[in-house]
Amino acid sequence: MNLRRLKMLTHKLLEGLSLKMFALILLGAAISTFGIHHIHQRTGITEGGVIGLVLLTDRWFGIPPSIATPILDVTCYLLALRFLGARFLKISAISTLSVTLFYSLWEHLPYLMPDLSAYPLAAALLGGASIGVGVGLIVRQGGSAGGDDALALTISHVTRCRISRAYLATDLTVLTLSLSYIPLSRIAFSLVTVTVSSLLIDFVQNFGLPKAAQTQNG
């Protein structure tokens, strides 16, 4: 792809997106990936949602994550396109690219905080907070950072429930199924982190907005 075509594609992708929205998406991507890379991945806290489902399909059916992840993500985004529209997908594409870039950045830097493996409750709380605030900022701009968010937003839209309930429904379902191969003691900390992140995503998305503009109370 030549430079001119790249500029045209970039312009089309960013069209209708203010500098403030773009900056908040970048900030959200930085915060959420920082927590996942520096806390969750180091401490082994299991995820719910699509990530947890990928691990389940690998465990139960031997389907590698490299195959399961794009299939599940594409399925979630197709559902989101049906109910949330093309603008949502455009903002999500920018968000997903930002998340990918920040993952790459953290992976090429030394760890910037101590290993919390010996303090799983602290890891669960801090990790959940980073994901909640980071993803909440992205969701507030009208997009998603991955298939998990697209699925939760679709469920929230269709059922008219608060987004925190949609996140918890998918996370708790997957974590319950994960008990088939993960000890309860490890799942307990995952329950803490998904509860914290779900509530914070809801809070950040609606903070300061008039009641009429907030998600449905359900």
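Which residues have the most contacts inside the largest nonpolar core? The legends below take this core and other sites in turn.

This is a predicted model, in which local features need pLDDT of at least 70, side-chain atom pairs count only at pLDDT 80 or more, and totals for chains, interfaces and linings use all residues. Residues are numbered from 1 along each chain as its sequence is written, and side-chain values use heavy atoms, with hydrogens and water left out.

**View 1. Overall fold of the protein chain.** The chain has 9 helices and 0 strands; helices (H or I, at least four residues) and strands (E, at least two) are DSSP runs, numbered from the N terminus. Of its 218 residues, 41% count as buried, where buried means under 20% relative accessible area, exposed over 50%, and partly exposed in between (1.4 Å probe, protein chains only). Among contacts (heavy atoms within 4.5 Å) between residues at least 6 apart in sequence, 80% join residues at least 24 apart. The accessible surface is about 11,600 Å², and 70% of this belongs to carbon and sulfur atoms; areas come from the Shrake-Rupley method with a 1.4 Å probe, and for residues only the protein chains shown count as cover.

**View 2. The largest nonpolar core.** This core holds 19 residues, and those with the most contacts inside it are Phe88, Val135, Val139, Ala150, Ile163, Tyr167 and Ile201. A nonpolar core is a set of buried Ala, Val, Leu, Ile, Met, Phe, Trp, Tyr and Cys residues joined through side-chain atoms within 4.5 Å. Two or more residues come from each of α3 (49-61), α4 (65-84), α6 (120-140), α7 (147-159) and α8 (163-178), and α4 gives the most, with 4 residues. Leaving aside residues up to four places away in sequence, Phe88 touches Tyr77, Ala80, Gly142, Gly143, Ser144, Ala150 and Leu153. A second, separate core of 7 residues includes Ala29, Val99, Phe102 and Ala145.

**View 3. Helix α8 and its neighbours.** The buried residues of α8 include Ile163, Ala166, Tyr167, Thr170, Asp171, Val174 and Ser178. The buried residues of this helix pack against α3, α6, α7 and α9.

**View 4. Asp148 in helix α7.** Asp148 lies in α7 and counts as buried because its relative accessibility is 19%. Apart from residues up to four places away in sequence, Asp148 touches Gly48, Gly49, Val50, Ile51 and Tyr167.

View 5. A search of the whole structure finds 1 salt bridge, defined as a side-chain nitrogen of Lys or Arg within 4 Å of a carboxyl oxygen of Asp or Glu. Arg162 pairs with Asp202, and the closest N and O atoms are 2.5 Å apart. Arg162 is in the loop between α7 and α8, whereas Asp202 is in helix α9 (residues 184-206), 40 residues apart. Arg162 is buried at 17% relative accessibility, and Asp202 is buried at 6% relative accessible area. Arg160 lies in the loop between α7 and α8 and has a positive phi of about 60° although it is not a glycine.
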